[in-house]
Amino acid sequence: MIPQPQIKKLIQQGEGQHVEFKLSVPAKVRELSEEISGFANTDGGFIIIGVDDKNNIVGANIDNNKRSAIVDSIGEISPIPKYDFYSIVIDGKTLWVIEIPENNEKPYICSGSIFIRKGPNSQKIRTRNEMFNLLREFNVIYYDKTPSDKIDLLNNIEEKTFVEFCRRANISIDIDKRQLFEGLDCFDKQTGRPLTGALLFFANHPEKRFPHAMIRCIRLKGREKVFILDDQTYSGTLFEQYNKTLEWIQSKLELRIIVEGTGAHREEFEIPLDVFREALINALGHRDYYVEGATIMVEVYDDRIEISNPGGLLPEVAKNFGHRSELRNPLIFSLFTRMQLVEKIGSGIPRMARLMKEADLMEPEYNTE
């Protein structure tokens, strides 16, 4: 329950993304449930009953029967979202508030449909593409966990990647491969087909079937994207792309010789390589592989290196960047973790900042739009 002054402020600001006014309880109580599910499917909000369209407080009377009808209607939303329903007196008039916090079990389905809040209205999802994009945003479906028959995994294993994976994961290479992949959850349990993430990680030349799953590396002259001095595209398994790209970045960095004492010295790159290890794993693990018209980009300028990947941040991650982690491709991340290339889920962003600070360099800059 929020305090009276905050309610008054919401009323003064008018309807919008997080606030809906109702003069009274609608004749069809289900309309309220649709609004509530719309708020629950976005980032929460308030329905204030007893306010007209001109932001005037007129008050409302809701008896026990109406309250029960509202509660019963909300109970038909699947799953039932968290909410608070209470009355508050402002300027001598009783208002009723339905407060919907941000909910985490999206999507919420009301009357067989999905509603989302857009501006001052809740809108019904109507098309297949809208539904598909929303489920992707909610992390209900994962690209890397979709079954695929594009490649016969067991007969098309990239041996070097497989052997290195087993070595780093402390797994015997003599184990039956199907048994190993099933243990790694690389096959769909219902169809028996390999999952897309497993094909990207272990299959020989996955770019033949997934041409967008590559990394493009460019060395540019100066500080602007005008003159290209070097342009390389790396394909293969995700681990091959990781290794090839890291080697390419390493070839573009200056190497410093640090003399310590009499004759002793150590070599040090101008930017710690571990920063790029973290950034590349992040890019490969978090890119939106549904976006087929773009690739991961590594751009080296005279004064900086930029790494970018297709697809925006998941909503929860965007709001708590650097503090909250949600996996867009959980299978891919789990395989990198098995190879001990991921220290801890969610630790990459703080670790990059710490590594740069320890090297007396500026912290990384992030563009999350």
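Is Asp230 buried or exposed? At 18% relative accessibility, Asp230 counts as buried, where buried means under 20% relative accessible area, exposed means over 50%, and partly exposed is in between (1.4 Å probe, protein chains only).

Before we zoom in, a word on the model: it is predicted, so local features need pLDDT of at least 70, side-chain atom pairs count only at pLDDT 80 or more, and totals for chains, interfaces and linings use all residues. Residues are numbered from 1 along each chain as its sequence is written, and side-chain values use heavy atoms, with hydrogens and water left out.

**View 1. Asp230 pairs up with Lys252 in a salt bridge.** A salt bridge here is a side-chain nitrogen of Lys or Arg within 4 Å of a carboxyl oxygen of Asp or Glu. In this one, the closest N and O atoms are 2.9 Å apart. The two partners come from distant parts of the chain, 22 residues apart: Asp230 sits in strand β9 (residues 228-234) and Lys252 in helix α8 (residues 238-252). Helices (H or I, at least four residues) and strands (E, at least two) are DSSP runs, numbered from the N terminus. While Asp230 is buried, Lys252 is partly exposed at 28%.

View 2. As a rule, an α-helix has 3.6 residues a turn, so residues three or four places apart point the same way.

**View 3. Asp302 reaches Arg219 through a salt bridge.** The N to O distance is 3.0 Å. Asp302 lies in the loop between β12 (296-300) and β13 (305-308) and Arg219 in strand β8 (residues 215-220), so the pair ties together parts that are 83 residues apart in sequence. Asp302 itself is exposed, at 51% relative accessibility.

**View 4. Helix α2 is largely enclosed by the rest of the structure.** Ten of its twelve residues are buried, among them Leu32, Ile36 and Phe39. Helix α2 (residues 30-41) reaches 16 Å from its first C-alpha to its last, close to the expected 16 Å; that expected span is 1.5 Å times one less than the number of residues.
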